[in-house]
Amino acid sequence: MNDEGGRTAGGIMDDETLIINGLGVDRRLLEAQPARRCDVAACRGLCCSHGVWVDVEQKSDILRHADLVRPHLPAWRQDEQLWFCDDEGADADFPSGRCDATSMVIDLGHPRGEACIFLRPDARCALQVASTVNGLHRWALKPFFCALYPLVICQGRLELDGENELYQAEACRSQLADSEHPLYLALKDELVLALGEEGHRQLCRHDKAHLPY
């Protein structure tokens, strides 16, 4: 049965968008493009230049785990009262419907001279480091849209953030693979994060040529 707006679970909303688990998915994620995972040692975390919007529920979870995070930050960044802008706003693309931003700090070691407060001097995310060191999934504390990048959810649609100036920057483009791969395979972990394992299987079944399941 179609729900409001003509959407069908696991089906098609229009010629360019699939619907999986109630989320629109850009069909271009089935296309082959030169893509591979980032090398943050090379780009120094360029995508962390501006901080990130975080669902307020995930913000609360990060703060609950502050004791795990602090040891992985420089001393002057360890006060959790500095971690977020405390400027919450409404946004329907977040599960709770509300979000806040991580704070930015001056960082002369970063290519842009400023960065998210959680970006360490070694260009690694303190939230991801804290997660792995403590036996959690590497993205357990990492903000959802950081882990999802270079994918993004915009107005209920999951797509490649390929028009973003950060993705277009030389640091990202230089990391593209020489050979082309379907994006739903090259970015499998990110898509599983957004859609779940079964959702990713549903997406894969729309591409008969490279079906991995």
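Begin by selecting strand 6 and strand 7 (residues 98-101), which pair in the antiparallel sense over two bridges; as you look, keep in mind that this is a predicted model. Within this pair, find Ala 90, which stands opposite Arg 98 in strand 7.

Now widen the selection to the open sheet, where three strands lie in the order 5-7-6 with antiparallel pairing. Strand 5 (53-55) and strand 6 (89-90) are its edge strands, each pairing on one side only.

After helix 4 comes Gly 135, which has a positive phi, near 75°.

Next, turn to another group of strands and select strand 2 (residues 17-20) together with strand 3, which pair in the antiparallel sense over four bridges. These two strands form a hairpin with two residues between them, and Asn 21 in the turn has a positive phi of about 55°. Across the pair, Ile 20 stands opposite Leu 23 in strand 3.

Show the side chains of strand 3 (residues 23-26), where Leu 23 and Val 25 point one way and Gly 24 and Asp 26 point the other way, although all of them are buried. In a regular strand, side chains alternate between the two faces of the sheet. Strand 3 also pairs with strand 11 (residues 157-160), in the parallel sense and over two bridges, and here Val 25 stands opposite Leu 158 in strand 11.

Select Leu 203 and look beyond its neighbours within four places in sequence: Leu 203 is in contact with Leu 18, Ile 20, Val 25, Leu 30, Tyr 184, Leu 191 and Leu 195.

Finally, zoom out to the whole protein, whose secondary structure comes to nine helices and twelve strands. Of its 213 residues, 44% are buried, and the accessible surface comes to about 11,200 Å², with 50% belonging to carbon and sulfur atoms. Among contacts between residues at least 6 apart in sequence, 59% join residues at least 24 apart.

Notes: Residues are numbered from 1 along each chain as its sequence is written. This is a predicted model: local features need pLDDT of at least 70, side-chain atom pairs count only at pLDDT 80 or more; totals for chains, interfaces and linings use all residues. Side-chain values use heavy atoms; hydrogens and water are left out. Contact means heavy atoms within 4.5 Å. Two strands pair if DSSP finds at least two bridges between them. Buried means under 20% relative accessible area, exposed over 50%, partly exposed in between (1.4 Å probe, protein chains only). Accessible areas come from the Shrake-Rupley method with a 1.4 Å probe; for residues, only the protein chains shown count as cover.
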